[in-house]
Every structure is written in C-alpha cells, then in structure tokens.
Amino acid sequence: MSYAYLFKYIIIGDTGVGKSCLLLQFTDKRFQPVHDLTIGVEFGARMINIEGKQIKLQIWDTAGQEAFRSITRSYYRGAAGALLVYDITRRDTFNHLTTWLEDARQHSNSNMVIMLIGNKSDLESRRDVKREEGEAFAREHGLIFMETSAKTAANVEEAFINTAREIYDKIQEGVFDINNEANGIKIGPQHSPANPNMPSGNQGGSSSGGCC
Amino acid sequence: MAEPNPAMFEYDCEAVRVRAKRINPSTGTEEMRKFSVDPNLTSYDILRSILGRAFDISDQFLIFFLSGVDWLPLISDWDLDIAILSAAEPSLLLLLSEVSPKKLAACEPTIISTTPTRVRTSVKASGSRNAGRPPSGAESLKERQPSPILASLRQQMERNLPGLSSRLHKAMTMAEEVIVPKGQQLASLFDVDDGSQTRDPASVSDQDFGKFLNKVGELSQPKELRLAVFQSGIEPPLRKVLWKHLLGVYPNGLTGRQRVDFIKQKCAEYECLKNVWMEMILQGRVTDDLKHITNMVKKDVLRTDRHAAFFAGEGNPNVSIMYNILTTYALNHPSVGYCQGMSDLLSPIMAVMIDEGQAYVSFCALMTRLKSNFMSDGKAMTKKFEHLSQSLLYYDPEFFYYLKQRHADDLLYCYRWLVLEMKREFSFEDAFTVAEVIWASLPPCHANNIHGVQLYEHRFVPKDAKNVVRTPNEGAMANIAILKKRLHQSDSRGFIRNRIKSADMADDEVKATRSPLQKSLSLMSGKYATNHEKEAPDKTHESENKDNSPLPAKKITNLNEFYQLKTSVSESEALKDVAGMDLDDSLGTNEALDAGEMAGLLVKRLPSPIEFGDGNPFLMFVALSCILQHRDAIMEQQLDYQEIAMYFDRLIRRHDVKKSLKIARVMFSEYLNDDWQQKKKQDGSAMKSPSTESPRCDSSTKNC
C-alpha cells in the first residue's frame with residue numbers, strides 16, 4: 001500500500017509496563033496476558049489515516065531494562081515520535097520518567113513528539129499513580145498525555161494516532177525537515193517530488209529502493 | 001538441592017535405561033515408554049512418580065521388573081537396587097499393572113525431559129505479529145527464482161568474480177546433497193509432530209555414551225562425545241547427564257561415582273548460597289539491592305516460556321524455582337548481576353535438569369561462557385555482530401549488498417539471536433537440540449579445569465552493600481551504535497588498528513588486576529592481544545578459495561581438529577584480509593553494481609576459528625543459516641529494514657531446526673576445512689592458557 005508519509009516511533013519505558021502489549025494491541029488488535037519479554041528491540045508497523053492521508057507507522061519496541069537502554073539511545077535520533085510508557089500500578093515506573101525523558105531529549109532530535117502513557121488503566125483497584133499526577137508531569141514537560149489499557153484497548157489507537165497527528169501538524173507548520181530521514185519521517189515513494197527512478201516491479205508497500 | 005541417595009548402592013554409571021510397558025486397562029493395548037534414570041538419584045518414589053507421569057496415570061499401579069525370566073514386584077528402594085543390578089542389558093524392563101484406573105492426574109509436567117512423548121510436541125508461536133502473513137521460510141534457496149535484476153547481477157558476479165558468489169550455493173547444495181542420505185532416518189524424526197514414540201536413531205543414547213567412558217566411568221573421550229552430539233544431538237532422556245559434560249560442569253578426570261559426589265556437593269553449596277538471601281527475606285531484612293534484583297527477576301520469570309508445558313499454568317512451581325536460581329546467580333555474580341535474557345538461557349536447562357541445584361550448577365557453567373554477552377562494555381556482542389556481518393558479506397555479497405542499500409547491514413534484528421544463542425528462534429523443544437549441538441561444537445574444557453564449575457564469583461554477603469548489584473550501566477548494547485557507525489565509516493582499518501592497540505593495553509592491565517570485575521573485563525579485552533602476541537605471523541593466505549569440495553568424512557575430522565586447535569590467526573592477520581569495509585554510502589543508490597564495486601566489498605577470509613564469533617564460530621553459522629534461508633524471499637519482496645526485522649520477528653520459535661542445523665553444519669565444516677590446521681603446526685605447544693577455552697573457562701573468576 002502506498003503512503004503519503006512514514007513516521008518512525010519508538011516505545012520506551014521501564015521493563016514490564018506493557019510496551020510490547022501496547023504495540024501488539026495497536027498492530028494486531030489483540031492482547032496477550034503473558035507476553036515474551038523483549039530482548040533488545042522488536043518491530044511493528046501499521047497504516048493509519050490522518051486527514052485523508054495514508055501514514056505508515058514504523059514502530060520500534062525496545063527492551064526496558066537498563067542494560068539495553070543504549071540501543072534505545074542510538075535510535076532516538078531516527079524517531080519522529082516516542083511513546084514514553086509507565087505503569088499506573090507501579091509508582092517506581094512513574095518515578096523513573098524523568099530519567100527516560102532526559103535520555104530521550106538528550107539523544108533525539110529536538111522536534112520529536114513525545115506522548116506520555118499511563119498504561120494498565122483497567123487495573124483501577126491497584127492504581128498507584130493518580131491520573132492528575134500523569135497530567136501534571138506531562139504539562140510540566142510539554143508532553144501529550146493519555147492513560148491507556150493494552151488489555152481493553154482503551155485509548156491505544158488514540159495514543160498512536162494523536163502522536164501521528166501532532167507530527168503531521170508539525171510537518172504542515174514546517175517545523176520538521178521532511179527531507180532529512182534522521183528526523184524519522186519519510187515521504188512516500190509516490191509522493192516524493194524527486195524520485196524518477198522507482199525500482200521496477202514494485203507493487204507498492206515497500207519504502208525501499210529510493211532512499212539515499 | 002542435593003537429593004539424598006536413597007539406594008543401598010552407589011553406581012558408577014549415571015544413567016540406566018528403562019523400558020516400561022503398560023497394558024491400557026480400558027483398551028487392552030500395549031504402551032511403551034523409554035527413558036533413563038540416574039540410579040544414584042532415583043529412589044523408588046521418584047521412579048513411581050516418573051512412571052505415573054510418563055503414562056499419565058494416577059498413583060494406583062504396581063511395578064514389576066524383569067529378573068532373568070521372572071517378573072518380580074518392585075515395591076521398595078531395596079527392590080529397585082536389585083532391579084537395577086539384575087537388569088537385563090541394555091535396559092531395565094518394567095511392567096505396570098494398574099490397580100484401579102482413575103482420572104488422569106493433572107498435568108504438572110515436571111519431568112518433561114524423561115518423557116520422550118512430550119519432547120517433540122510442537123509449540124505454536126504465540127507472540128508473532130501479523131500472523132496472517134506467514135513467512136515462506138521453509139522454501140529452499142533452489143526452489144526460489146530470483147528476480148530478473150538479481151539474476152543478472154548474480155550472473156554478472158559469476159562472470160567477473162568466479163568462485164565468490166558460488167560459495168553460498170556450494171554450501172547450500174552440499175547441505176542438501178551430502179547430509180540428507182545420512183540423515184534420512186533423522187528426517188523422519190524431525191517430521192514427527194504427533195507425539196508418537198519415534199526417537200532419533202542417530203542421536204546419542206546412553207549406550208553410545210558408555211563408549212566414551214572408561215572402566216571407572218571417567219569420560220575418556222570427550223572429543224568423540226562432542227563430535228557425536230554435534231552430528232546428531234542427544235536422546236532426550238540422556239540430556240540431563242550429557243549437558244553437564246558439555247557445559248563443563250565437572251573437573252577433568254572424575255569417575256562416575258566422583259561425579260555424583262561432585263554434583264551433590266555443588267547442589268549443597270547452591271542451597272547455602274540460596275539460603276543467605278532467602279533468610280534475609282524471611283527475616284524482613286530486605287535491602288534495596290536485593291529488592292531491586294528480586295523485582296526484576298520476578299517480572300521476567302512470569303513471562304519466560306510460559307507456553308511450554310514445563311512452565312505453564314498458574315502457580316507452577318518451576319516458575320518459583322527459576323526465580324530462586326536467577327536471584328541466587330545475580331547476587332553471587334556482581335560483575336553481571338541480573339540481565340534480561342538470562343531467564344531464556346536458563347529455561348531449557350531447568351526443563352532438562354528438573355532438579356533445582358543441578359539446574360543452578362549447569363546454568364553457572366553456561367554463564368561462564370555467556371556472561372560476556374551481558375557485560376556493560378558490549379565488546380562480546382559487538383564482536384559477534386561484526387563477525388556475523390563479515391561472514392554474510394563473505395558468503396553472500398549479493399544479499400549483503402541488498403541489506404547495505406537498506407541500511408539493514410547492522411543486523412540489529414539479530415541481537416536476540418546472538419545474545420540467546422538462537423534459543424528463542426526455535427520452538428522450545430528444538431532449542432534443546434540447537435543448544436546441545438552448539439555446545440558440542442566447542443572444544444572440551446581444557447586440562448586446567450581442575451575445579452569444575454564455580455557457583456559464585458563473589459559470594460553474596462548480606463551486610464556488605466558494596467557487592468550486591470552492579471550499578472546501572474550502558475549495558476550490552478553499548479557498542480552497537482559504534483558498530484553501526486563503523487560499517488559506514490570510511491577508514492575501517494584505522495579503527496581496527498586502534499582496537500588492537502587498546503587490546504594490547506588491556507593486556508597489561510591484566511597483570512594489575514584488582515577486583516574480579518576489573519579482572520574479568522581486562523581479561524576479556526586482553527585475550528585477543530594475548531593470542532596476538534604469542535603467535536607467529538600467518539603467511540598461508542596466498543592461495544585462497546581452492547574450490548576442492550571436501551568430503552563429509554573429512555569434515556568431521558576437521559571439527560575434531562578444531563577441538564584440538566591450540567592456536568589462532570591473530571586478529572590483525574585475520575582482519576588484514578577484510579577488504580573494503582569502507583563501504584561508500586552513495587553506492588546505495590544503485591540497484592545493480594558493477595563487478596569492481598562488488599569486489600571492493602568482498603571479504604577474502606573470515607576470522608580464525610579461535611576468533612570467529614568471539615569464541616563460538618558455530619553460532620555464527622547457525623545464524624547465517626537462518627538468515628540465508630530467507631534471503632531470496634526477502635529480496636524478492638524487496639523488504640526494507642523494518643520489514644526485514646518484522647519478517648524475522650515473525651519467525652520467532654518457527655525456524656526449521658533440521659534444515660538450519662544441516663546448513664550450518666555444512667558451512668561450518670567447509671569453513672574448518674580451510675587451512676587453519678597449518679597454523680597449528682607453526683605454534684605447536686606455544687599456546688597455553690589462551691586456547692579456545694580461555695573465554696569459557698573464565699579464569700578471572702576462578703582459581704585456575
């Protein structure tokens with residue numbers, strides 16, 4: 001399928017907050033109560049639609065443990081959006097947000113859109129972090145905020161799509177340099193103004209070939 | 001925990017083969033189960049429990065054993081000793097008679113390794129995304145037709161660079177043609193998916209194992225044992241015995257009885273190590289560090305291989321056992337602590353060992369070699385990526401170039417493969433085979449292994465806050481970014497030279513080691529320099545690529561020779577032949593390259609067996625095999641970086657074990673057939689400790 005834009009996302013946050021489950025819910029619309037722990041990084045993709053434009057999201061789901069954080073670092077740079085996830089039932093995961101954020105800000109391009117996500121909102125009875133606290137943190141650091149449940153799918157679509165909308169708006173405003181792939185944004189093959197040499201036999205759906 | 005020896009006798013042998021027959025009272029049909037038990041660790045009660053589970057029947061049965069021509073009742077430990085002593089060779093024959101058949105016992109598969117019926121049950125991948133797009137992984141290279149552009153590129157390469165592009169094809173063709181005739185029965189085993197009794201006739205059995213032992217039960221032919229396992233794996237019931245040998249648990253030269261004592265002593269030692277922190281928890285003296293580790297471990301054991309019967313179900317005790325083992329390991333190994341991935345490495349060991357203490361001991365032995373994968377300096381992982389990338393370029397420049405064009409040549413999506421030594425890429429049960437074949441490909445522990453496995457590098461002491469956990473650090477992926485950069489940078493040789501220089505410096509540091517951590521890190525970085533310094537320059541490279549096809553018989557000899565290989569090409573020499581890693585990014589815009597450009601990319605020679613894969617060359621070939629089986633599919637579909645990564649993610653637990661190992665074995669054999677042996681003569685006995693074993697033996701944490 002052809003697309004107008006391709007956005008690259010990265011999902012970060014402490015181990016066990018539900019990063020992989022959010023991705024699975026978003027890409028496959030299903031929930032796996034016991035998900036393999038992520039070693040290094042895993043990958044997902046989905047097409048969404050914003051203002052009639054097809055946008056392909058490429059998502060990097062990273063391991064949460066500190067030992068793997070450095071790989072996360074090297075890929076902030078190529079990401080247009082980041083989902084920073086904590087678990088509303090575990091305060092420590094909320095307390096670590098500052099570290100994650102510093103890390104993200106330090107290694108990403110300055111325009112990267114960051115969405116703060118308080119996940120596991122279905123576990124209201126075990127809530128350890130108030131919604132207001134999440135909102136306050138987001139306000140203070142200029143992030144978008146949502147509470148989600150990868151289990152019930154509540155707000156999962158919205159989290160990914162709102163992030164994309166924000167990036168899209170920034171593109172319209174001319175904030176992003178869309179010709180620099182390091183910003184995590186790519187123009188679709190058909191939409192590229194200067195791409196006369198499309199690889200032959202390409203039925204679309206592939207973003208490869210013309211990159212340089 | 002050390003199981004008390006309930007039997008009257010001590011046996012020199014570690015495994016007794018058992019064949020048990022049961023007449024199904026409802027259908028009247030005969031059922032047969034075969035397994036092995038360790039006579040020194042198996043009591044009457046344990047045997048009953050094994051049998052109950054093997055036939056999936058309740059406890060209401062009587063056991064009879066065949067003594068001469070008579071069936072005698074087996075109702076006590078005493079009878080069990082008589083049964084074993086009078087067992088008709090080669091098996092102890094048992095007959096089960098059910099008193100009153102009851103409802104099947106709940107499935108608590110704690111003896112999966114001794115129930116052959118379960119072992120081949122396929123496990124469907126549950127975590128794969130986009131399951132609607134199954135990869136065409138099973139298709140062979142030959143069956144797929146490359147796209148016209150690629151075909152012409154291939155033709156062009158073959159015209160201009162004869163011999164180079166054919167390497168891959170040759171290896172693949174050999175994999176198909178050479179191995180298959182030998183492994184026809186083997187093929188039938190791997191196709192079995194219905195839980196029937198078929199076993200791999202070629203895999204190593206306890207009878208085979210007996211041939212490698214001398215009269216007192218000492219493993220007198222460790223290399224031959226490894227060779228046999230490398231070729232065909234191990235019969236599931238014998239894994240518990242053989243894995244300990246392969247992992248280097250035992251010191252050299254122990255008799256069967258001594259090995260039993262050794263394991264008992266180690267298991268007792270484990271109990272002590274475990275009790276230290278468990279008591280802290282019971283007494284409510286939980287330090288932050290202990291809490292930190294237990295929290296991390298708890299989270300991960302709850303999501304490790306829970307699809308596998310051994311770990312499945314709410315409240316499965318094996319999950320708690322995994323928690324105990326990992327916590328004990330982390331606290332007693334402050335240089336590495338707990339890292340994600342360890343639970344994956346432990347789970348097959350637990351499923352095979354069953355016994356908690358033995359699982360810990362075996363895990364420590366495995367981690368002695370694999371600890372470096374988790375080290376914060378990232379050196380081991382960087383090296384593995386570097387070598388995988390090099391070898392891909394060496395065997396399949398066309399595909400490498402395809403990846404290069406898409407910036408996918410960093411192979412980051414193979415991170416999990418390398419860190420877990422492919423464990424998660426195969427089904428849970430297939431991963432056992434892959435693991436043992438990989439372990440068997442490594443040389444046996446060298447003569448310095450006088451202490452056997454060490455269970456701690458720094459004994460955990462409750463009140464000493466200093467050595468509890470390592471500080472959070474950059475982790476094992478730290479240098480991956482450097483690797484990525486390196487593949488794209490212009491002067492790779494300068495980089496290599498610098499690496500060698502820093503390795504030399506690290507070697508000096510070895511002499512002035514302080515803490516175990518420092519020592520271990522220095523040794524890791526210093527080992528290359530140590531090799532380098534002791535070796536005569538290698539001058540045997542001139543005649544490359546003599547395309548004389550090696551015969552299978554010769555290959556096996558070569559692996560044996562690899563075990564003995566006491567020397568290596570120094571890193572500098574090996575890398576001297578790596579031409580043109582300075583790939584120009586601008587090339588990436590061209591769909592087809594001319595031969596000159598292609599030649600600039602080619603690697604003329606791979607690192608020596610000592611260096612390759614950072615001490616595990618065969619792992620590189622298993623990974624290569626898993627990549628190359630899909631290269632045509634990837635190229636045909638013109639997949640980009642993300643799509644390639646997702647393609648391989650979908651193959652988690654679904655790679656074809658038979659085919660992957662087959663191809664890997666052939667490629668490895670061909671690689672070993674190179675002239676590495678000539679270097680052996682040059683150096684003779686010059687090499688002492690820095691043999692292939694040095695990274696594994698990890699003298700930094702031992703007294704040896």
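Modeller: Contact means heavy atoms within 4.5 Å. By this criterion, residues 24 or more positions apart account for 74% of the contacts in chain A with a separation of 6 or more. The model is predicted, and local features need pLDDT of at least 70, side-chain atom pairs count only at pLDDT 80 or more, while totals for chains, interfaces and linings use all residues. Residues are numbered from 1 along each chain as its sequence is written, chains are lettered from A and ligands numbered from 1 in the order in which they are written, and side-chain values use heavy atoms, with hydrogens and water left out.

Biologist: What makes up the secondary structure of chain A?

Modeller: Helices (DSSP runs of H or I, at least four residues) and strands (runs of E, at least two) are numbered from the N terminus. On that basis, chain A has six helices and seven strands. Their order from the N terminus on is β-α-β-β-α-β-α-α-β-α-β-α-β. For chain B, the count comes to 31 helices and five strands.

Biologist: How many of the 212 residues of chain A count as buried?

Modeller: A residue is buried under 20% relative accessible area, exposed over 50% and partly exposed in between, with a 1.4 Å probe and protein chains only. In chain A, 60% of the 212 residues count as buried. In chain B, the buried share is 61% of 704 residues. The areas come from the Shrake-Rupley method with a 1.4 Å probe, and for residues only the protein chains shown count as cover. Chain A has an accessible surface of about 8,300 Å², 46% of which belongs to carbon and sulfur atoms. Chain B exposes about 26,300 Å², with carbon and sulfur atoms supplying 55%.

Biologist: Why is A:Val175 called partly exposed?

Modeller: Its relative accessible area is 35%, so A:Val175 belongs to the partly exposed class. A:Val175 sits in the loop between α6 (156-172) and β7 (185-187) of chain A. Leaving aside residues up to four places away in sequence, A:Val175 touches A:Asn111 and A:Lys170. A:Asn111 is 64 residues from A:Val175 in sequence, yet their C-alpha atoms are 7.6 Å apart.

Biologist: What makes A:Lys151 count as partly exposed?

Modeller: The relative accessibility of A:Lys151 is 49%, and therefore A:Lys151 counts as partly exposed. A:Lys151 lies in the loop between β6 (144-147) and α6 of chain A. Residues up to four places away in sequence not being counted, A:Lys151 touches A:Gln25, A:Phe31 and A:Asp122.

Biologist: How do you know that B:Gln638 counts as buried?

Modeller: At 16% relative accessibility, B:Gln638 is classed as buried. B:Gln638 is not glycine, yet its phi is positive, near 55 degrees.

Biologist: Why are α19(B) and α29(B) called roughly parallel?

Modeller: Two packed helices are described by the angle between their axes and the distance between the axes. The axes are lines fitted to C-alpha atoms, for helices over the stretch in contact, and angles run from 0 to 180 degrees between N-to-C directions. Angles under 35 degrees count as roughly parallel, over 145 as roughly antiparallel, 65 to 115 as roughly perpendicular and the rest as oblique. Helix α19 (residues 428-440) and helix α29 (residues 657-672) of chain B pack at about 15 degrees, with axes 10 Å apart. The pair α19(B) and α29(B) is therefore roughly parallel.

Biologist: What makes α11(B) roughly perpendicular to α13(B)?

Modeller: The axes of helix α11 (residues 256-282) and helix α13 (residues 317-332) of chain B come within 10 Å and cross at roughly 95 degrees. That angle makes α11(B) roughly perpendicular to α13(B).

Biologist: And why are α16(B) and α26(B) oblique to each other?

Modeller: Helix α16 (residues 379-395) and helix α26 (residues 617-628) of chain B have axes that come within 10 Å and cross at roughly 55 degrees. Hence α16(B) and α26(B) are oblique to each other. The residues making this contact include B:Leu388 and B:Leu392 of α16(B) and B:Phe621 and B:Leu624 of α26(B). By class, nine residues of the contact of α16(B) with α26(B) are nonpolar, two polar and one charged. Here Ala, Val, Leu, Ile, Met, Phe, Trp, Tyr, Cys and Pro count as nonpolar, Asp, Glu, Lys and Arg as charged, and the others, Gly among them, as polar.
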